[in-house]
Amino acid sequence: MTNNPPEYPIIRPSTDADLSAATRIYRYHVLHSTGTFEIDPPSLVDMTQRRSEVLSRGLPFLVIETREGVMGFAYCNWFKPRHAYRYSAENSIYLDPLALGQGLGTRLLTALCAAATTAGIRKFIAVIGDSANTASIRLHRKVGFQDVGVIASCGWKFDRWLDIVLMEKSLGSGDQTAPQLAPGIG
């Protein structure tokens, strides 16, 4: 039996060991982009708590790994905390700036859609920071998200007003059938 090296990229559920990389990647986006409206980068402890919350709800938190290590992460969390929203989730995806333009985002978001479907999510919602964030908008359209609308000038970051772009995608049988209870949902 030969020990073949893994084929990259690998998309897999995150582990505790991935959180340092996820924190580093997200820190970059908080400090340098409008893809998130957070102003202060969360700590490793904060990111650990966020991942814990996602996993406790039976929702996916994935990473994409290349030979260089973890180069991105994606997860979803309930769109709103009220019980009626339990089959709707908002997605988040962040890549290391060195990984941009390589198709990793498409692979990661496609895998997240599949994992969210398995978790019982029927409506996937993208709340994209900044209407000028054309890369994220293109990525979501490529994976099948439809435009819903723009909320103009609802965020203030880098001394300017920013819009959010709302997009949606039905998962599984969407609203064509009643949902089945899934892990973490009920």
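By class, the lining of the largest pocket is made up of 16 nonpolar, 18 polar and 6 charged residues. The structure is a predicted model, and the values in this report are computed from it. The volume of this pocket is about 1100 Å³. Its lining holds 40 residues, and those closest to the centre of the pocket are Gly-35, Ile-93, Tyr-94, Asn-133 and Ser-136. Two or more lining residues come from each of the helices α1 (19–32), α2 (44–56), α3 (104–118) and α4 (134–142), and also from each of the strands β3 (69–78), β4 (88–95) and β5 (123–129).

Among the residues closest to the pocket centre is Tyr-94, which has its place in strand β4. Ser-92 is also found in strand β4.

| Residue | Relative accessibility | Contacts beyond four places in sequence |
|---|---|---|
| Tyr-94 | 10% | Ile-25, Tyr-26, His-29, Gly-35, Thr-36, Gly-72 and Phe-73 |
| Ser-92 | 14% | Phe-73, Ala-74, Tyr-75 and Leu-112 |

Is Tyr-94 buried or exposed? Tyr-94 counts as buried because its relative accessibility is 10%, where the cut-off for a buried residue is under 20%. Ser-92, at 14%, therefore counts as buried as well. As for separation along the chain and in space, Tyr-94 and Lys-80 lie 14 residues apart in sequence, while their C-alpha atoms are 21 Å apart.

Several of the contacts of Tyr-94, including Ile-25, Tyr-26 and His-29, are listed among the buried residues of helix α1, which are Leu-19, Ala-21, Ala-22, Thr-23, Ile-25, Tyr-26, His-29 and Val-30. These buried residues of α1 pack against α2, β3, β4 and β6 (146–157). The length of α1 can be checked against expectation: its 14 residues should span 20 Å at 1.5 Å a residue, and because its end C-alpha atoms are 20 Å apart, the two values agree.

Leaving aside residues up to four places away in sequence, Phe-73 touches Ala-22, Ile-25, Tyr-26, Met-47, Phe-61, Leu-62, Val-63, Ser-92, Ile-93, Tyr-94 and Leu-108. The largest nonpolar core has 41 residues, of which Phe-73, Leu-108, Leu-109, Ile-121, Phe-124, Phe-145 and Met-167 touch the most other members.

Definitions and conventions
Residues are numbered from 1 along each chain as its sequence is written. This is a predicted model: local features need pLDDT of at least 70, side-chain atom pairs count only at pLDDT 80 or more; totals for chains, interfaces and linings use all residues. Side-chain values use heavy atoms; hydrogens and water are left out. On a 1 Å grid over the protein atoms alone, a cavity is a set of points where a 1.4 Å probe fits but cannot get out, and a pocket is an open set with protein on both sides within 12 Å along at least five of seven lines; lining residues have an atom within 4 Å of a point. Grid points are joined across faces, edges and corners, and a volume is the space filled by probe spheres set on the points. Helices (H or I, at least four residues) and strands (E, at least two) are DSSP runs, numbered from the N terminus. Ala, Val, Leu, Ile, Met, Phe, Trp, Tyr, Cys and Pro count as nonpolar, Asp, Glu, Lys and Arg as charged, and the others, Gly among them, as polar. Buried means under 20% relative accessible area, exposed over 50%, partly exposed in between (1.4 Å probe, protein chains only). Contact means heavy atoms within 4.5 Å. The expected span of a helix is 1.5 Å times one less than its number of residues. A nonpolar core is a set of buried Ala, Val, Leu, Ile, Met, Phe, Trp, Tyr and Cys residues joined through side-chain atoms within 4.5 Å.
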